[in-house]
Amino acid sequence: MPVRAEDRPIDALREETVDQLIMNYGHGKLSREAFERRLDEALDTKSHERLLELTKDLDLKTDRQYTAQKKAELGIRVDPSAAYRTDEVDTVINVFAGNDRRGAWDVPRAIRLINVFGGSDLDFTDARFTAETTYITVFCLFGGVNIRVRDGMRTISKALAIFGGVNNRGGTTADPNAPLLVIEGVCLFGGVDIRVKKTPRQRFTEFADQLRTLFDPQPPRA
């Protein structure tokens, strides 16, 4: 006998609801306006019943192809066999200069950042992690570090700021196996800013639009 919807974890039911909305929008069964409206409700509601209502008139269910595409596009990649060795430490020094890392780059186990009258931008949105926990040690003197992460990642800030600040607005997740960033070090007259680059709604919408392009290049109007 299946478990009643109201007895299931609401996050699991929410994920299934969002997946079914994306699947039906991607195959042309929902207009853009209807998809966006229902997606907003699915992400905001705390009602099991409302989540069920959002998909009760939709016929298409997710399949293996959808699951594989979702993992490829939205999954956070952790690959110990990637280019960096798992014991490697990357040191970046910026003196009156700056350094950016973004795109599909391989993240070493540890990163040391030294910024003196300079700064660093680290974007982990599309990165491939070589370890489940990545340690970032910072020393900033009249400089700073901007760290951009994905929702579904965990961030812990242990950095000390003197005449500066550490702002951790990273994402939250209940998954204990999600990649973890640990930020340590000292900032003098500088700071560290950690935040999610894209909201879940933005990422889900982008993924849904990719499916729509594949299966229904001419979306119907509302």
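Visitor: Which residues are buried in helix α4, and what makes them count as buried?

Guide: In this predicted model, Y66, K70 and L74 are the buried residues of α4, which spans residues 64-74. Buried means under 20% relative accessible area, exposed over 50%, and partly exposed in between, with a 1.4 Å probe and protein chains only. The three lie on the same side of α4 because they cover an arc of only 35° around the axis, the arc being that of the directions from the helix axis to the C-beta atoms. R64, K71 and A72, on the other side of α4, are exposed.

Visitor: Why is K70 called buried?

Guide: K70 has a relative accessible area of 16%. The limit is under 20%, so K70 is buried.

Visitor: What does the side chain of K70 make a polar contact with?

Guide: Its partner is the side chain of D19, at 2.9 Å. A polar contact is a pair of N or O atoms within 3.5 Å; within protein, one must be able to donate a hydrogen and the other to accept it, and residues adjacent in sequence count only if both atoms are side-chain atoms. The 2.9 Å value is within that 3.5 Å limit, so the pair qualifies.

Visitor: Which elements do the buried residues of α4 pack against?

Guide: They pack against α1 and α5 (200-215), where contact means heavy atoms within 4.5 Å. Leaving aside neighbours within four places in sequence, K70 is in contact with E15, D19, G75 and F207.

Visitor: Which helix gives the most to the lining of the second largest pocket?

Guide: That is α1, with 7 residues. The lining includes E15 and D19, and its classes come to 4 nonpolar, 4 polar and 4 charged residues.

Visitor: How are residues numbered, and what confidence do the values need?

Guide: Numbering runs from 1 along each chain as its sequence is written, and side-chain values use heavy atoms, without hydrogens and water. Local features need pLDDT of at least 70 and side-chain atom pairs 80 or more, while totals for chains, interfaces and linings use all residues.

Terms used:
1 Å grid on protein atoms, 1.4 Å probe; cavity = no way out; pocket = protein on both sides within 12 Å on 5 of 7 lines; lining within 4 Å. Helix = DSSP H or I, 4+ residues; strand = E, 2+ residues; numbered from the N terminus. Nonpolar A, V, L, I, M, F, W, Y, C, P; charged D, E, K, R; others polar.
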